[in-house]
Amino acid sequence: GTMSCGKLQQAGGELGELEAPQQAQAALQLALAALDERGRLFEIEQGRRAVSADIFADTAYAVLHAAVKAAECAAAKLPPKCGCQQYIARRRRYCTLRAQTGEKFCSQHAADAESAARLLTGGHGSTVALSHTQPAGGRVKTNIGRRMKSMTDPLARPTPLAAPPAWCA
């Protein structure tokens, strides 16, 4: 998913007077090293690698994970003035689409920002529908952009050739 950019100021004091991009990269490296060390400790204790449920079940591990995500956001190249201001955590960058004239977000993220604002304000003053609603069946198709690699209708395929006549054998 997407999220608004968080703040990571814990490592800033240790790094002195480095420039902002260098400071953000250094903070990211520190946070990644701490997260890696916690992952190694978990693997020694449990005998397996941690999954997301393990990370969020342990408060200290979750705090380290959140610090890494915040450091990735701080280290990301800022979007241009006319670009969308939505940070995409999964891709570790800002949205590359152009923002609507006079707005902070592109048309895709404006609805998400409006929905989030509506949830924070108690749902007053907005009629924008959520863009990510679940269908009636309960399953969401996730590979929308994938091209079809084979035909799905078996009856649409040509019928196999009949056996050759007896006179040509």
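Tutor: Let us start with the secondary structure: the chain has four helices and three strands. Helices (H or I, at least four residues) and strands (E, at least two) are DSSP runs, numbered from the N terminus. Along the sequence they follow the pattern β-α-α-α-β-β-α.

Student: On what basis are the values computed?

Tutor: This is a predicted model, in which local features need pLDDT of at least 70 and side-chain atom pairs count only at pLDDT 80 or more, while totals for chains, interfaces and linings use all residues. Residues are numbered from 1 along each chain as its sequence is written, and side-chain values use heavy atoms, with hydrogens and water left out.

Student: What percentage of the 169 residues of the chain count as buried?

Tutor: Buried means under 20% relative accessible area, exposed over 50%, and partly exposed in between (1.4 Å probe, protein chains only). Of the 169 residues, 23% count as buried.

Student: How is a pair of aromatic rings described?

Tutor: One gives the distance of the centres and the angle of the planes. Rings of Phe, Tyr and Trp (its six-membered ring) pair if their centres lie within 6.5 Å; planes under 30 degrees apart count as stacked, over 60 as edge-to-face and the rest as tilted. The structure holds two aromatic pairs. The ring centres of Phe42 and Tyr61 are 6.3 Å apart and the planes stand at 50°, so this pair is tilted. Phe42 belongs to helix 1 (residues 20-46) and Tyr61 to helix 3 (residues 59-75), so the pair ties together parts that are 19 residues apart in sequence. Both Phe42 and Tyr61 are buried.

Student: Why is the pair of Tyr87 and Tyr94 edge-to-face?

Tutor: The ring centres of Tyr87 and Tyr94 are 5.4 Å apart and their planes are at 70°, so the pair is edge-to-face. Both Tyr87 and Tyr94 are buried.

Student: How do the axes of helix 1 and helix 3 cross?

Tutor: Axes are lines fitted to C-alpha atoms, for helices over the stretch in contact, and angles run from 0 to 180 degrees between N-to-C directions. The axes of helix 1 and helix 3 come within 9 Å and cross at roughly 155°. Angles under 35 degrees count as roughly parallel, over 145 as roughly antiparallel, 65 to 115 as roughly perpendicular and the rest as oblique. Helix 1 and helix 3 are therefore roughly antiparallel to each other.

Student: Which residues does Asp54 touch?

Tutor: Contact means heavy atoms within 4.5 Å. Not counting residues up to four places away in sequence, Asp54 touches Phe42, Arg48 and Arg49.
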